[in-house]
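Please look over the sequence and the model shown here. The report that follows takes the ligand sites and then a sheet.

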Amino acid sequence: MSLGITIVSHVPEIAAGLPKLLKQVAADVPLTYAGGTDDGDIGTSMEKINQAFDDNSADEILAFYDLGSAKMNLEMAQEMSEKTIHLYDTALIESAYTAASLLQAGVSLKDVEEQLKPLKVK
Amino acid sequence: MALTVDNLIEWINNFSQKVNEHKDYLSELDTPIGDGDHGNNMARGVNAVQESLTNKKPAELTDAFKQVAMALISKVGGASGPLYGTAFLEMAKKSKDTTDLGELFTAANEGVKKRGGAKVGDKTMVDVFEPLAEKLTQGLLEQSEIDEAVEGTKDLVAKKGRASYLGERSVGHLDPGAMSSGYLFSALIETEGIL
Ligand SMILES: Nc1ncnc2c1ncn2[C@@H]1O[C@H](COP(=O)(O)OP(=O)(O)O)[C@@H](O)[C@H]1O
Ligand SMILES: [Mg+2]
């Protein structure tokens, strides 16, 4: 059972940019992202999030997001997805970076979650 | 005096019309305490709803509510998308057992609260949904109650959504989502024979 990461942001460039930072420390961790609305405007899209879950080669995903409405669309996508999706109310960049480095090092989900706890901001 | 596919469509068309008519006003309300897009978000959503209902006329109430929900979820873009979408999805589920609008809106309100984590007093659409679902249940919904619920959000401190980042500074402004929710209820009482 492999673990992957999905990034969700209101801004397409943020969603696409953060994985660049993560790849530096996590070359082998499956990483996908969803940014902006269907039309590429500022916002989030449940369909794009669904797609990001599907495109991720892992069957268990840690999902990180920026602001409130991203969380709501994430939860709707989570309810529809066949994969196991874990959602974290943590600081987006720091926590995604933490999770990516730990997953690359083969750390267990439980231990990753322990490290994410102090990063909870919402 | 009952909810049917035809009067549901009439109700939703009326709501769409109000949203489009007051699109700039809704975005204006969203400017001091948000990002100024609520009118555009909702207009995009209701226009997609119209398109969906015109392209495929629903056979059953449940399908009608579901079509409205899916169009809003996929097209609104802002927080109001999953929230209104959830409200209509909950009504879709509930409509399998009842056509009572009090019960349908009670289910919708519970869905919105669960999705967004807001309670009454947090300066959101819940401040309109919850008291008016109650009024519907009692058979007492009137425009004055709608106005009161919407106006009531002015003095509140926002605890959820973007406006919450402003804390005390959100006081003195109407909540845009409460206003658009007000239109949904106004459209309902204007629909002949539905209540
Ligand atoms: N967590 C929440 N619970 C309930 N309602 C919310 C929540 N977050 C936002 N809202 C409602 O959504 C409205 C804002 O909608 P909109 O401007 O379309 O989305 P966004 O805030 O993403 O720009 C608010 O006025 C409020 O009524
Ligand atoms: Mg907004």
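Residues from chains A and B surround ligand 1, so this site is shared between chains. The model is predicted: local features need pLDDT of at least 70, side-chain atom pairs count only at pLDDT 80 or more, and totals for chains, interfaces and linings use all residues. Residues are numbered from 1 along each chain as its sequence is written, chains are lettered from A and ligands numbered from 1 in the order in which they are written, and side-chain values use heavy atoms, with hydrogens and water left out.

**Ligand 1**

Ligand 1 is surrounded by 22 residues. A residue counts as near a molecule if one of its heavy atoms lies within 4 Å of it. The closest are B:Asn41, B:Ala79, B:Ser80, B:Asp175 and B:Gly177. Polar contacts (pairs of N or O atoms within 3.5 Å) with ligand 1 include those in the table.

| Residue | Protein atom | Ligand 1 atom | Distance |
|---|---|---|---|
| B:Asn41 | polar side-chain atom | oxygen | 2.9 Å |
| B:Ala79 | backbone N or O | oxygen | 2.8 Å |
| B:Met125 | backbone N or O | oxygen | 3.1 Å |

On its own, ligand 1 has 560 Å² of accessible area, and the protein covers 95% of that. Accessible areas come from the Shrake-Rupley method with a 1.4 Å probe.

**Magnesium site**

Which residues coordinate the magnesium ion (ligand 2)? B:Asp30, B:Asp35 and B:Asp37 do, each through OD, at 2.1 to 2.2 Å. Donors here are N, O and S atoms within 2.8 Å of the metal (3.2 Å for Na, K and Ca); water is not among the atoms, so sites may look incomplete. The donor residues follow the spacing D-x4-D-x1-D in sequence. B:Asp30 and B:Asp37 are buried, meaning under 20% relative accessible area (1.4 Å probe, protein chains only).

**Sheet in chain A**

Chain A holds an open sheet of four strands with parallel pairing, in the order β2-β1-β3-β4. Strands are DSSP runs of E, at least two residues long, numbered from the N terminus. Two strands pair if DSSP finds at least two bridges between them. In chain A, β2 (31–35) and β4 (84–88) stand at the edges; each has a single partner strand, so one side of each lacks a neighbour in the sheet. Neighbouring strands are turned by 25° against each other on average, direction ignored. Their axes are lines fitted to C-alpha atoms.

Strand β3 (residues 60–65) of chain A runs parallel to β4(A), and five bridges join them. A:Ala63 has A:Leu87 as its bridge partner in β4(A). A:Leu62 stands opposite A:His86 in β4(A). Four of the five residues of β4(A) are buried, so this strand is largely enclosed by the rest of the structure.

Notes:
Axes are lines fitted to C-alpha atoms, for helices over the stretch in contact, and angles run from 0 to 180 degrees between N-to-C directions. Buried means under 20% relative accessible area, exposed over 50%, partly exposed in between (1.4 Å probe, protein chains only). A polar contact is a pair of N or O atoms within 3.5 Å; within protein, one must be able to donate a hydrogen and the other to accept it, and residues adjacent in sequence count only if both atoms are side-chain atoms.
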